[in-house]
Amino acid sequence: MTVKVLDCRGLACPAPVINTKKALEEVGVEPLLVIVDNDAARENVSRFAGNAGRSVEVEEKDGAYHLIIGGTGGEVPATDPAKKVVAEVEEGRAVYFITSNAIGQGSPDLGEVLMKSLMVTLAEQKSAKALLLLNTGVYLALEGSPVLEQMQKLALAGTEILVCGTCLNYYKLKEKLAVGVVSNMYDINSRLIEPGKVITVG
């Protein structure tokens, strides 16, 4: 069996995921080998393939990651994403698009107090379907964050927390991530365009 090779080395987020999506549509049920050269791309492509109902095997070789993405074999993922979205919309849960670690443009201290108040409220009300953290919003998910306890409660309650990998790399903070998953603009935009309410905070 011939395995199609997709070389995504040197590509910035979200290109590896987008290229993988296109390649999987072309190969159908056949296996696909994706080569990436950084941890964020490895994690993002693996998660994308898994969500598509495909198996993923990762091998580190020659300074890169080789991801063998298996065919679907006609299998359907255990969870139907469409049904999940509909259920969450009916529950009234919202996606929070957070672009800063503080709320508002006034006093930074007041902004941090307001952000903590919001996170306490979200953890109590369980009203957040997902938190999408970009720019300085990624600081909320780090070790030592003043809202880390609330973020962890949200994660345990089923809130999806996607943390921008490009932002973590820019601020050199990836090793300090304490909650959520390193994500990319493809996944983040996918959450933004789903049915349901999106609330921007920043």
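View 1. Lys129 is buried, because its relative accessible area is 8%, and buried means under 20%. Keep in mind as you explore that this is a predicted model. Lys129 forms a salt bridge with Glu194, and their closest N and O atoms are 2.6 Å apart. The two partners come from distant parts of the chain, 65 residues apart. Lys129 sits in strand E6 (residues 128–133), while Glu194 belongs to the loop between helix H7 (185–192) and strand E9 (198–201). Glu194 is partly exposed, with a relative accessible area of 22%.

**View 2. A salt bridge between Glu160 and Arg191.** Here is another pair to look for. Side chains of opposite charge can pair when their charged atoms come close. In the salt bridge of Glu160 and Arg191, the closest N and O atoms are 2.8 Å apart. This pair, too, links distant parts of the chain: Glu160 is in strand E7 (residues 160–164) and Arg191 is in helix H7, 31 residues apart. Is Arg191 buried or exposed? Arg191 counts as buried, because its relative accessibility is 13%. Glu160 is partly exposed, with a relative accessible area of 27%.

**View 3. A network of salt bridges linking Asp39, Arg42 and Glu43.** Start with Arg42 and Glu43, whose side chains meet in a salt bridge (3.3 Å, N to O). Arg42 is partly exposed at 22% relative accessible area, and Glu43 counts as partly exposed at 25%. Asp39 is also part of the network. How many salt bridges does the structure hold? It holds 9.

**View 4. The second largest pocket, with a volume of about 190 Å³.** Which residues are closest to the centre of this pocket? They are Cys13, Asn38, Ala40, Thr166 and Asn169, out of 14 residues that line the pocket. Helix H1 (15–27), helix H2 (39–51) and helix H6 (165–170) are the elements that give two or more residues to the lining. Sorted by class, the lining of the second largest pocket has 8 nonpolar and 6 polar residues, and no charged ones.

**View 5. A nonpolar surface patch made by Leu110, Val113 and Leu114.** The patch covers about 270 Å². Val113 lies in helix H4 (residues 108–125) and counts as exposed, because its relative accessibility is 53% and exposed means over 50%.

View 6. Asp62 is found in the loop between strand E3 (56–61) and strand E4 (64–69), and at 72% relative accessibility Asp62 counts as exposed. Where is Asn135 found? Asn135 is in the loop between E6 and H5, and it counts as partly exposed at 39% relative accessibility.

**View 7. Gln152 in helix H5 (residues 148–156).** Gln152 is partly exposed, with a relative accessible area of 35%. Look for Ala178 as well: the C-alpha atoms of Gln152 and Ala178 are separated by 8.7 Å, while the two residues are 26 residues apart along the chain.

Key. Residues are numbered from 1 along each chain as its sequence is written. This is a predicted model: local features need pLDDT of at least 70, side-chain atom pairs count only at pLDDT 80 or more; totals for chains, interfaces and linings use all residues. Side-chain values use heavy atoms; hydrogens and water are left out. Patches are made of residues with over 30% relative accessible area and no salt bridge: like charges are joined within 9 Å, nonpolar side chains (Val, Leu, Ile, Met, Phe, Trp, Tyr) within 5 Å. Accessible areas come from the Shrake-Rupley method with a 1.4 Å probe; for residues, only the protein chains shown count as cover. A salt bridge is a side-chain nitrogen of Lys or Arg within 4 Å of a carboxyl oxygen of Asp or Glu. Helices (H or I, at least four residues) and strands (E, at least two) are DSSP runs, numbered from the N terminus. Buried means under 20% relative accessible area, exposed over 50%, partly exposed in between (1.4 Å probe, protein chains only). On a 1 Å grid over the protein atoms alone, a cavity is a set of points where a 1.4 Å probe fits but cannot get out, and a pocket is an open set with protein on both sides within 12 Å along at least five of seven lines; lining residues have an atom within 4 Å of a point. Grid points are joined across faces, edges and corners, and a volume is the space filled by probe spheres set on the points. Ala, Val, Leu, Ile, Met, Phe, Trp, Tyr, Cys and Pro count as nonpolar, Asp, Glu, Lys and Arg as charged, and the others, Gly among them, as polar.
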